[in-house]
Amino acid sequence: MTSDITAPDAPSVSGTRPATRLPAGGTTSRAPGNPLRRLAGGLGTALLCLGTLLFVLPFLFTVVTSLRTAADVARSPLGIPHSLTLKNFSDAFSQIHYGPSTLNTLLITGLSCLAVTVIGSLAAYPLARITQHWSTAVYRLFILGTSVPVFVVVAPLYLLMRDLNLLDTYTGVVLIYIALNLPVAVFFYTSFIRSIPADLEEAAALDGCGAFRTFFTIILPLLRPVTSTLLTFVSLQIWNDLLVPLVFLQNPDKRTVMVNAYSFIDPHTVQPTSLFPAALLGVVPLLIIFVFFQRQVVAGMSAGAVKS
Amino acid sequence: MFHRRRATMAAFLLPAIVVYGVFMLYPLARGVYLSMTDSLGGPIANFVGTQQYRAMADDPAVTDALWHTVLYAAVVVIVQNGLGLLFASMLFRRPKVRRTLSVVLLTPTLISPVMAAFIWSYLFAPTGGINALLDLVGLHGLGHVWLGDTSTALYSVAAVNIWMFTGYSCAIFLASYMSMPTELLEAAALDGASGWRRFVSIEWPLLAPALTVNVTLSLIGSLKVFEFPLVLTNGGPAGATDTLTLLVYRNVFGGGKFAYGVALSVVLLVTVVVLSSATSSLLRLRERRI
């Protein structure tokens with residue numbers, strides 16, 4: 001996934017927007033009485049389904065091939081499978097040390113996500129509410145980070161981590177992920193908080209509520225929808241990342257799923273029957289999460305495009 | 001009272017500023033400095049000014065990589081957003097299949113670029129899925145060593161990128177479609193505007209903000225592409241798919257030319273910042289004129 005995103009301009013787009021609302025515009029153009037137009041509409045739908053099918057075909061092919069024996073695939077790559085086996089999966093499972101590396105990935109992703117949301121939302125509150133020159137400058141500095149590719153900082157970061165003795169540690173990797181994802185979190189949260197009316201907070205302040213209490217009792221509960229959107233995005237980024245763990249975790253015991261899959265499998269010599277199960281195992285946890293949070297994922301991915 | 005409150009509020013910024021400052025801004029500044037030294041990654045480094053940058057001018061690998069990076073980005077931005085828009089406008093007109101198909105289109109977005117590249121490295125192989133499929137439908141003549149031919153390798157890598165993110169572009173366009181004022185679309189339908197006419201004069205202008213977001217995101221994303229060319233071709237054949245990121249990676253971690261690699265990463269940063277900010281401000285200007 002592209003590692004940039006734009007923040008929602010209003011709270012309405014971040015999960016609370018009624019996704020079920022069907023605009024009339026979608027149906028009015030198809031007059032039921034006009035057979036020619038109806039035929040064209042049906043043809044369009046068929047073409048659309050076919051086009052979508054083309055996008056999932058590589059997936060289906062991957063799943064089917066994963067379940068075939070190597071000899072069977074060699075005989076006919078696209079043929080009907082003669083026998084199905086789970087052996088490829090169990091082989092890949094041990095080959096990429098799936099159990100431990102999944103736990104590593106989960107740990108890194110979980111810690112980074114937690115830290116990004118906590119630190120990001122805390123920082124966004126003053127950035128949204130204090131309107132002074134310095135706070136605008138700080139905000140701009142954070143936003144600058146959304147267009148900085150990891151490659152620009154990877155070499156100096158390596159030296160820094162070496163000097164701090166943080167190479168080969170989860171702490172080091174998590175700190176890098178926080179720094180890389182903070183711009184997105186700050187962007188998200190700041191634009192969200194700005195769209196919340198300040199009246200409630202002012203009333204709380206008059207009642208003697210400090211900044212801490214105001215943040216935790218008033219702002220934080222309101223941030224839930226935008227947080228789920230942000231978490232979807234950030235966790236996808238971190239889970240799927242190759243470069244940071246590849247460079248900063250040399251110890252095989254600490255490696256993530258992506259690094260293991262990448263370093264154990266050479267796409268140019270290895271059979272699809274060992275390549276594909278590994279590829280599928282790497283995405284299975286994410287697909288499970290996707291099934292549960294389908295609506296948030298879709299909202300999260302398209303957030304920000306809608307200007308209200 | 002309000003003064004103290006504001007001071008506490010400003011303190012909320014501290015953790016973010018510390019982490020971001022130490023692990024992002026400081027490495028960024030140090031990178032710019034390192035690019036003007038002869039550092040090998042060790043403690044000894046001499047200031048050499050613009051020497052690394054001048055060396056790039058004589059290095060055909062750099063000009064090639066820069067060209068590949070820009071060409072790759074152009075292909076991805078145009079095709080991915082074109083397809084995304086086509087899917088979105090067709091899905092918008094078909095409420096029954098809209099939700100299901102847009103979720104299906106998003107599935108490739110969820111997988112890791114490494115995994116996508118694995119899958120496609122087999123599909124593109126000489127005896128792999130695509131050639132087998134072409135054989136099956138009787139188009140044997142179109143069979144090709146997709147990743148092994150200098151004329152098709154870069155486009156094949158770009159195709160994987162497009163396959164993965166078209167659903168994402170489509171989702172953004174679709175979200176914009178869904179927020180269009182219903183009255184306007186109904187009025188257009190009443191006036192008899194349909195199909196192409198409705199698209200050109202009503203939908204396209206309303207899609208302008210979504211287009212800005214889509215083009216900017218896909219441009220930044222494709223300029224810093226790394227995993228696709230790394231896994232699919234590792235820069236080959238004959239450097240035909242070498243991008244700036246691959247060059248940075250190879251020089252920084254391949255040994256010997258650390259500072260040169262860092263200088264290349266600064267070139268990458270300048271390319272991304274200049275191209276993306278120019279594009280997005282042009283598109284924003286266009287939004288205001290519409």
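**Figure 1. The interface between chain A and chain B in this predicted model.** In this predicted model, 118 residues of chain A are in contact with 105 residues of chain B. The size of an interface is often given as the accessible area lost when the parts come together.

**Figure 2. A salt bridge across the interface of chain A and chain B.** The rule finds one salt bridge across the interface of these two chains, and this is the pair formed by Arg30(B) and Asp163(A), in which the closest N and O atoms are 3.8 Å apart. Across the interface of chain A and chain B there are also seven residue pairs in polar contact, with both residues at pLDDT 80 or more. On the side of chain A that touches chain B, the largest share, 15 residues, comes from helix H2 (residues 35-66) of chain A.

Figure 3. Over all chains, the count of aromatic pairs comes to 25. In the pair formed by Tyr125(A) and Phe12(B), the ring centres lie 6.1 Å apart and the planes meet at 35°, so the pair is tilted, given that planes under 30 degrees apart would count as stacked and those over 60 as edge-to-face.

**Figure 4. An aromatic cluster with members from chain A and chain B.** Phe151(A), Tyr158(A) and Phe248(A) come together with Phe226(B), Tyr249(B) and Phe253(B) to form one aromatic cluster.

**Figure 5. Charged side chains over the rings of Tyr139(A) and Tyr170(A).** The charged end of Arg194(A) is placed over the ring of Tyr139(A), at 4.8 Å from the ring centre. In the other pair shown here, Lys254(A) lies over the face of Tyr170(A), and the distance to the ring centre is 6.0 Å.

**Figure 6. Asn240(A), a buried residue in contact with chain A and chain B.** Asn240(A) is part of helix H11 (residues 224-240) of chain A. Its relative accessible area is 4%, and Asn240(A) is therefore buried, since the cut-off for a buried residue is under 20%. If its neighbours within four places in sequence are left aside, Asn240(A) is in contact with Met258(A) and Leu286(A) in chain A, and with Leu110(B), Ile111(B), Ser112(B) and Pro113(B) in chain B.

**Figure 7. Arg140(A), an exposed residue in a helix of chain A.** Arg140(A) lies in helix H6, which covers residues 133-144 of chain A. With a relative accessibility of 61%, Arg140(A) counts as exposed, because the cut-off for that class is over 50%. Arg140(A) and Pro183(A) are separated by 43 residues in sequence, and their C-alpha atoms are 9.6 Å apart in space.

**Figure 8. Chain B, with its helices.** Chain B has 14 helices and zero strands, and its C-alpha atoms fill a box of roughly 75 × 75 × 30 Å along the principal axes. Of the 290 residues in chain B, 58% are buried. Among the contacts in chain B that join residues at least 6 apart in sequence, 68% are between residues at least 24 apart.

Methods. Residues are numbered from 1 along each chain as its sequence is written. Chains are lettered from A and ligands numbered from 1 in the order in which they are written. This is a predicted model: local features need pLDDT of at least 70, side-chain atom pairs count only at pLDDT 80 or more; totals for chains, interfaces and linings use all residues. Side-chain values use heavy atoms; hydrogens and water are left out. Helices (H or I, at least four residues) and strands (E, at least two) are DSSP runs, numbered from the N terminus. Buried means under 20% relative accessible area, exposed over 50%, partly exposed in between (1.4 Å probe, protein chains only). Rings of Phe, Tyr and Trp (its six-membered ring) pair if their centres lie within 6.5 Å; planes under 30 degrees apart count as stacked, over 60 as edge-to-face and the rest as tilted. A charge sits over a ring if NZ of Lys or CZ of Arg is within 6 Å of the ring centre and within 35 degrees of the ring normal. Contact means heavy atoms within 4.5 Å. A salt bridge is a side-chain nitrogen of Lys or Arg within 4 Å of a carboxyl oxygen of Asp or Glu. A polar contact is a pair of N or O atoms within 3.5 Å; within protein, one must be able to donate a hydrogen and the other to accept it, and residues adjacent in sequence count only if both atoms are side-chain atoms.
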